[in-house]
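This briefing covers a chain-chain interface and a helix packing. The structure comes first, then the notes by topic.

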Amino acid sequence: MAEYLIKNGFVFDPVTGVKGDKKDIAVKDGKIVDSVSSSAKVYDASGKTVMAGAVEVHAHVAGPKVNEGRNYRPEDKLFGTRAGVNGMRTTGGFSIPTTFKTGYAYAQMGYTVVMEAAMPPLYARHVHEEIRDTPIIDEGAFPVFGNNWFVLEYLKNNELENTAAYISWLLRATKGYAVKVVNPGGTEAWAWGLNCLSVNDPVPYFDITPAQIVKGLIEANEYLGLPHSMHIHANNLGNPGNYTTTLDTFRLNEGFKANNRFGREQTMHHTHVQFHSYGGDNWGNFESKSDAIMDYVNAHPNLTIDTGNVTLDETTTMTADGPFEHHLTELNHLKWANVDVELETAAGIVPYVYSPDIKVCAIQWAIGLELALLAKDPMRCFITTDHPNAGPFTRYPRIIKWLMSKEAREERLTTFKHADKVISATHLHGLDRELSFYEIAQMTRAGPAKALGLMGTYGGLAPGMDADVVVYDINPEASFTPDQIEQAFTAAALVIKTGVPVVENGVVINNGNKRTLWVDAKVNENPQVLRDVEEKFLKYYSVSLNNYEVKGGHYIPNPYAIEVDATQ
Amino acid sequence: METVTLTIKKAPTLYLEAEATTPDALAGKSLDQIRALPVYMGNEEFTLGEFFEIAGAPGATAADTRVVVKGDVSRVKYLGMKMSAGELVIESNADMYVGAWMTGGTITAKGNVDSFAGTGMKGGELTIMGNAGNYIGSAYRGDWRGMQGGRIRVKGNVGSDTGYFMNGGEIVIEGNADVHVGTHAEGGKIVIKGNAKSRLGGQMVEGTIVLLGTVDVMMPGFKYVRDEEIEVDGEKMTLSLYVGDLGERHRKRKGEPIYGKLYLRPVKAGEDAAAREARLARAREAKKARFAPPEGSASA
């Protein structure tokens, strides 16, 4: 493989602690190395910013609900379709882009790893087929566990080992990466026309509470020593006053300590916290509680979060939180898709327009930014849009602009239709902090990589790590406008992915060497779990086991399995 | 106002997508620049000059530019799409999406147009001298934002699904309309001077439909309120107001729900009963014919 030398750039790398020093980055055989031979291809990065490839911790980019979104929103790709150039494929779609656009657009922004945040196990094959068709970026997918009948039954009876053995089995069967929990118990309750809005609401029939599910899955996750922690979307998403439910959920994590060989320190990752930081008790007195939320997060090192920034666009909401999507369609009267996934989960989809003229949308926008600006440890707070729920991932450069420039966000904040009301319901106006390039690298690279248990491979520029190197055309030592920040992060000057240049001057030039990450967790043989699986497939599932498991090169042509040994 | 004439010189083998024919696209350009504008056929790109003879000169702005399209453009789509000002005259029949998403100016189509004319239209005037296809003044597939403003006038008949998801503006149809008028409408006004078939105002939330001719089958979700004198296309007349669709959600103003409005010719007492009886008799006969056992079958 070829050698590359990225010379004279201003390097920002939290893994090696480099804060904007002029440094050369050497690449050989797909890895970062100390030095290369004189035959290495040289890129002159002088006057430019160099970072590792970015790591996406939570986005909905592949699978049945994403595809149903594409299917039932032809208007989302109206006027946006572009013919493929340079041997690339046709792209289209805004909030639910085609798989090809997903791969290209992430790569153009300098992202090299992306986690699909909610894989319904029954449709894992579909998820992996879409991942396969998404070029360049390495991807993994989180199967959902929080409403799964096996999990509910085992946890009700406090069967920790069985829960862990089932997680191990399902990760292998679906080629999944982590334990995802969406509205624990609430989605199962939705099948009964109900919901769980607090951590103590009992789940119908199963007679277990969200609190028991969350604690049980944290415990099982650490029993196995998985690379990522339990990854949760808590109960009561999107409702005024829900910050108390969020704090209750955070408290379930108290006392747990991370057990893994990957350097991960947290035992809970709470996703899209913006949707969970609301005060007030109706839409009239709706307000930001980001301060209370971030006070808790800052004081508890075993917790990481991502923001879920509202980008003020027309988008498509989609989640395994079935009851929430029904609630949303009752609010905005736009089209609603809903599906029940047998013993496992559910999903709903509703288009949503985050209008700057609507007070609540503007407050949501402010809350997302406040979370990042109030974070004392940027290694534990990551930038996301919960794509496409709060906005499309293609807006990350704009969010970075707002976080790095008080001027840019004040310009937005003070020109809202209800600016005065928005300012008094939020804290953003009083926050002067402007994030540095180094902090952005922590929030988008080193932080998420560490939380995912991938710190030895991704998110940094230390010798031995995978050679994911990004050059942005912005000089951190010169003066620049807020819009130049957005421009630079939208179209990277150079992206090298695992040693292969894939983007040059903002243009995709190569389909790269995409891999699918999954976790192979070994446990002692557990005949009870295997028997339960067999029985449930015979009794309840609409497919047989042979048509369920994700097997073979058709689904995963280029696997990257991370092994965990929990046998005793 | 300056005039550019586009005369089609060869019929496209497939369908030509020619959105670069608006006053906006041509204004301020030289004839050579106009000839080089892109048009699409299948998955290939061509130039406007390959399909059209181009003469005259555009004005400096769209408002100063009149575009006249000559020859058979019945296989050319997107004429006048997104135009904001000026004038477009289409001398023969045209294909789909005439005046779609237009925001201003005037379009006169002297022949017939195919479906989706005035889709998502926001302003301006679109006049069709012949007939129009389905979905005029509607929303794009999947979208909930149909015609928002402006005026469409069709001298002939229209196909089905007129004003689907219409939110504003006015459509006047001088001829007849096929099924589904104002489906899901949340605003705007549709006037049909000829006859309608059925599903008039089905799932309509707000907005107005005026029918001066007959309707084959009324929607069950409308109820009679009163007779009112209103102005229809510049003429005052007394019509019967029905509101609906009662099966839909309706927002409220001062505690009162706001319904979609459907105006029909008043029926005189007696005439109404006789017409109703005749219609029911026709329906019974039709049903009997549909469910009648085949000739010679053994069943009773």
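**Interface and helix packing**

Chain A and chain B bury about 890 Å² between them, 71% of it from carbon and sulfur atoms; buried area is the accessible area (1.4 Å probe) lost by two parts on being put together, summed over both. The model is predicted: local features need pLDDT of at least 70, side-chain atom pairs count only at pLDDT 80 or more, and totals for chains, interfaces and linings use all residues. Residues are numbered from 1 along each chain as its sequence is written, chains are lettered from A in the order in which they are written, and side-chain values use heavy atoms, without hydrogens and water.

**Chain A with chain B**

- Eleven residues of chain A and ten residues of chain B make the contact (heavy atoms within 4.5 Å).
- One salt bridge crosses the interface (a side-chain nitrogen of Lys or Arg within 4 Å of a carboxyl oxygen of Asp or Glu).
- Glu314(A) and Arg145(B) form a salt bridge, with the closest N and O atoms 2.8 Å apart.
- The side of chain A that touches chain B has six nonpolar, one polar and four charged residues (Ala, Val, Leu, Ile, Met, Phe, Trp, Tyr, Cys and Pro count as nonpolar, Asp, Glu, Lys and Arg as charged, the others, Gly among them, as polar).

**Helices α4(A) and α7(A)**

- Helix α4 (residues 149-156) and helix α7 (residues 210-224) of chain A pack at about 90 degrees, their axes 10 Å apart (axes are lines fitted to C-alpha atoms over the stretch in contact, and angles run from 0 to 180 degrees between N-to-C directions; helices are DSSP runs of H or I, at least four residues, numbered from the N terminus).
- α4(A) and α7(A) are therefore roughly perpendicular (65 to 115 degrees).
- Val151(A), Leu152(A) and Leu155(A) of α4(A) meet Gln212(A), Ile213(A), Gly216(A) and Leu217(A) of α7(A).
- This helix contact has five nonpolar, two polar and no charged residues.

Key:
Helix = DSSP H or I, 4+ residues; strand = E, 2+ residues; numbered from the N terminus. Parallel < 35°, antiparallel > 145°, perpendicular 65-115°, else oblique.
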